Amino acid sequence: MSDFHQPVLPQEILDYLKPQAGDKFIDCTLGGGGHTLNFLKLVGPSGKVLAIDMDPLAIAEARRASTKFADSLILARDNFRNLKNIADVHEFNQVNGILLDLGLSSGQLQDQARGFSFGSEGQLDMRFGPAVADSFGAVTAGEIVNNYPQKDLIDIFKNYGEERLAVAISKKIIEVRRTKPIDSPKQLAAIIESVYHRYHRTKSRISPATKVFQALRIAVNDELQSLKLVLPQALDLLVSGGRLAVISYHSLEDRIVKDYFRRESRDCICPPEMPVCQCGHIARLKIITKKPVVPTVEEIKNNPRSRSAKLRIVEKYK
């Protein structure tokens, strides 16, 4: 609903989820509100949309901008890992469609105080929002960078950022913080760049700090665990024939989504060496997108942040 936020793959989401008048939809990642607004326009006054976000600013902006949809929109400030509890509180079940757009909103990136942007002079925060009940958000990126031992920094940079220079970067961080705290994203990005310049002479269009910033953001917000927790909850809430859409932006997220969808689309998930099925597992969904849907060249041109997006869609069995 923000004037400056462009939702990613907006038409594709509508084409696959097919919102109709009177439907019930959940946007687990409200952000700038673009997808939520699209749902509201199509479900109409007889439908309902539940929009969730940890960011109090996103909730406040949506409340301000959505007065004409007040009867159809329910806002919840919480972590989507608590999806079932949120839905129970608002008596929101038998849902026709659910969306998870796992990217950062433009507002979060442009907010200097949040610390998501490489050039920011603000604090190294990176929390999606202040901690709420049963959610993460107590630790900041600055606390990790300035206090965690080198082994933990290496693990975070490797496991969550797939950063090949994790050892060298963590060593440099330890060296710098002995003299003074690393206070701002801009300062941290400069440290990372100094390490990269020792190993790579050619410059890339992508900032050398990208993977480390991604890793810190994932660690601060426990993003991968939240994703693993929300997927089965979302499937439970859907009506038969309802659809779940997930937009991911890096391989770690996409792998979790792809593996979960594949597993839940099979009747047996026993190991291949098992001669007879022992698990009794029954397929719960049908995969709609055999390969991930990606933005068009035109969309990437108009919204460069969409370039790494991958959309996967499944349908709950009838």
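## The overall picture

The protein chain has 13 helices and 7 strands. Keep in mind that this is a predicted model.

How big is it? Along the principal axes, the C-alpha atoms of the protein chain fill a box of roughly 60 × 60 × 40 Å. The radius of gyration is 21 Å, which agrees with the value near 20 Å that a compact globule of 318 residues would have. Of those 318 residues, 53% count as buried. The accessible surface comes to about 15,800 Å², and carbon and sulfur atoms account for 51% of that.

Now for the inside. The largest nonpolar core has 33 residues, and I26, I98, L100, L231, L244 and F261 are the ones with the most contacts inside it. Several elements give two or more residues to this core, including strand 2 (48-53), strand 4 (95-101), strand 5 (238-248) and helix 12 (251-264). Helix 11 supplies the largest share, 7 residues. Apart from this core lies another one, of 32 residues, with M126, A209, L216 and V220 among them.

Once you set aside its neighbours within four places in sequence, L244 is in contact with L17, I98, L100, L231, A234, L238, F261, R312, I313 and V314.

## A look at helix 11

Helix 11 still has a kink of about 25 degrees at V230, shortly before the proline P232.

Which residues of helix 11 are buried? They are E223, L224, S226, L227, V230, L231, Q233, A234, L235 and L237. L231 and A234 also turn up among the contacts of L244.

K18 is not a glycine, yet it has a positive phi of about 50 degrees. You'll find K18 in the loop between helix 1 (10-17) and strand 1 (24-27). Its relative accessibility is 46%, so K18 counts as partly exposed.

E162 is not a glycine either, and its phi is positive too, at about 50 degrees. E162 sits in the loop between helix 7 (150-161) and helix 8 (166-179). With a relative accessible area of 36%, E162 is partly exposed.

Definitions and conventions: Residues numbered from 1 in each chain as written. Predicted model: local features only at pLDDT ≥ 70, side-chain atom pairs only at ≥ 80, totals over all residues. Heavy atoms only, no water. Helix = DSSP H or I, 4+ residues; strand = E, 2+ residues; numbered from the N terminus. Buried < 20%, exposed > 50% of the residue type's maximum accessible area, 1.4 Å probe, protein only. Core = buried A, V, L, I, M, F, W, Y, C linked by side-chain atoms within 4.5 Å. Contact = heavy atoms within 4.5 Å. Bend = angle between axes of the 7 residues up to and from the residue. Rg over C-alpha atoms; globule rule 2.2 N^0.38 Å. Areas by Shrake-Rupley, 256 points an atom, 1.4 Å probe, with all protein chains shown as cover.
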